[in-house]
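Subject: Handover of a structure model

Dear colleague,

Please find below the structure that I am passing on to you.

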Amino acid sequence: MRLYNIGGRAALETDGGTVDVEQASGGAFGSDPQDLYEQWDELRLWAADYLGGVKPVTMCDNAAIGSPVPRPRQIFAIGINYSSHVEESGLDTPTIPMVFAKFPSSIAGPYDCIALPQGAVDFEAELVVVIGTRADQVPAHEAWRHVAGITVGQDLSERYTQWAGSAPQQMSLGKSFPGFTPIGPVVATPDEFDNPDDIELGCAVNGMPMQKGRTSGMIFSVPAIIEFLSATVSLLPGDLIFTGTPSGVGFTRTPQILLKPGDELTTYAESIGEMRHTFSARAGAPPLASDS
């Protein structure tokens with residue numbers, strides 16, 4: 001099953017198009033994509049029957065597609081979760097997942113124009129997990145049962161803000177400017193993948209490939225991350241988990257490659273699809289010094 005947000009309304013992918021969930025279900029399910037994660041099991045049962053029959057199909061263009069999880073209550077993110085990214089960052093390999101948060105006000109759709117603050121804005125292609133069933137103290141071998149689906153995201157990062165101060169204390173702020181959490185274009189259920197623990201993802205800037213990796217290269221797998229997080233906090237339906245980025249980010253390159261107004265960033269994940277973002281300038285305070 002593949003869920004879209006089309007013009008603020010939940011839609012399921014069909015052969016050749018999409019179908020509006022509220023209309024197709026006769027009102028059994030509402031139109032708000034976010035609300036459906038509270039009814040995920042019921043939605044999947046209904047969709048398995050409905051999508052097997054004759055169905056009305058509508059088409060849409062990219063401009064109408066929004067974030068498939070528009071208002072998550074919590075957004076967790078895992079840092080340096082690929083060995084190749086550990087190496088390029090000059091950091092030690094973590095022994096437990098490095099967790100930070102992104103704030104929900106930074107959510108964006110898969111084809112938005114994003115305003116860049118002053119500073120050093122970097123790209124980080126990531127697989128994003130969407131929680132479908134509340135998870136408390138879930139062992140790794142049961143973790144996928146609590147996942148609604150998978151999408152792709154960008155953990156956009158303003159590096160000067162991220163590293164301001166004597167220690168990396170501003171991770172969440174540096175990664176939560178407006179528009180810095182784009183996801184989409186679709187949430188796909190785990191059964192849409194040959195192996196949900198081995199998915200290719202990557203990104204390009206102005207057509208030049210920057211990142212390419214497979215989630216089988218994660219230091220901590222999706223089940224391990226869910227086990228670790230749910231041991232401390234409750235994971236709620238519709239919550240997001242950004243699972244880390246492979247190597248190739250722009251800030252550690254020589255010379256650096258950072259996002260600027262007019263750039264086009266494409267981000268993809270196997271069996272999910274492609275996001276495409278453009279960038280404009282955002283008025284704001286002068287950039288922070290990198291060693292402040």
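Predicted model: local features only at pLDDT ≥ 70, side-chain atom pairs only at ≥ 80, totals over all residues.

Residues are numbered from 1 along each chain as its sequence is written, and side-chain values use heavy atoms, with hydrogens and water left out.

Pockets

A pocket is an open set of points on a 1 Å grid over the protein atoms alone, where a 1.4 Å probe fits, with protein on both sides within 12 Å along at least five of seven lines; lining residues have an atom within 4 Å of a point. The largest pocket holds about 350 Å³ of space, the volume being that filled by probe spheres set on the points. It is lined by 22 residues, of which His-85, Ser-89, Arg-159, Gln-162 and Trp-163 are the closest to its centre. Strand S5 (75-79), helix H4 (83-89), strand S6 (98-101) and helix H5 (159-162) each contribute at least two residues to this lining; helices (H or I, at least four residues) and strands (E, at least two) are DSSP runs, numbered from the N terminus.

The second largest pocket has a volume of about 220 Å³. Among its 11 lining residues, Met-1, Arg-2, Glu-13, Leu-51 and Glu-192 are the closest to the centre. Strand S2 (9-14) and helix H3 (40-50) are the elements that give two or more residues to this lining, and H3 gives the most, with three.

Asp-155

Asp-155 lies in the loop between strand S11 (147-154) and strand S12 (157-158). It counts as buried because its relative accessibility is 0%, the limit for buried being under 20% relative accessible area (1.4 Å probe, protein chains only). Its side chain makes polar contacts (a pair of N or O atoms within 3.5 Å, one able to donate a hydrogen and the other to accept it) with the side chains of Lys-102, at 2.7 Å, and Lys-175, at 2.8 Å.

Nonpolar cores

A nonpolar core is a set of buried Ala, Val, Leu, Ile, Met, Phe, Trp, Tyr and Cys residues joined through side-chain atoms within 4.5 Å. The largest has 27 residues, and Leu-12, Tyr-37, Leu-43 and Leu-240 have the most contacts inside it. H3 gives the most to this core, with five residues. Apart from this core lies another, of 17 residues, including Tyr-4, Val-186, Ile-199 and Leu-201.

With kind regards

Note on methods. Buried < 20%, exposed > 50% of the residue type's maximum accessible area, 1.4 Å probe, protein only.
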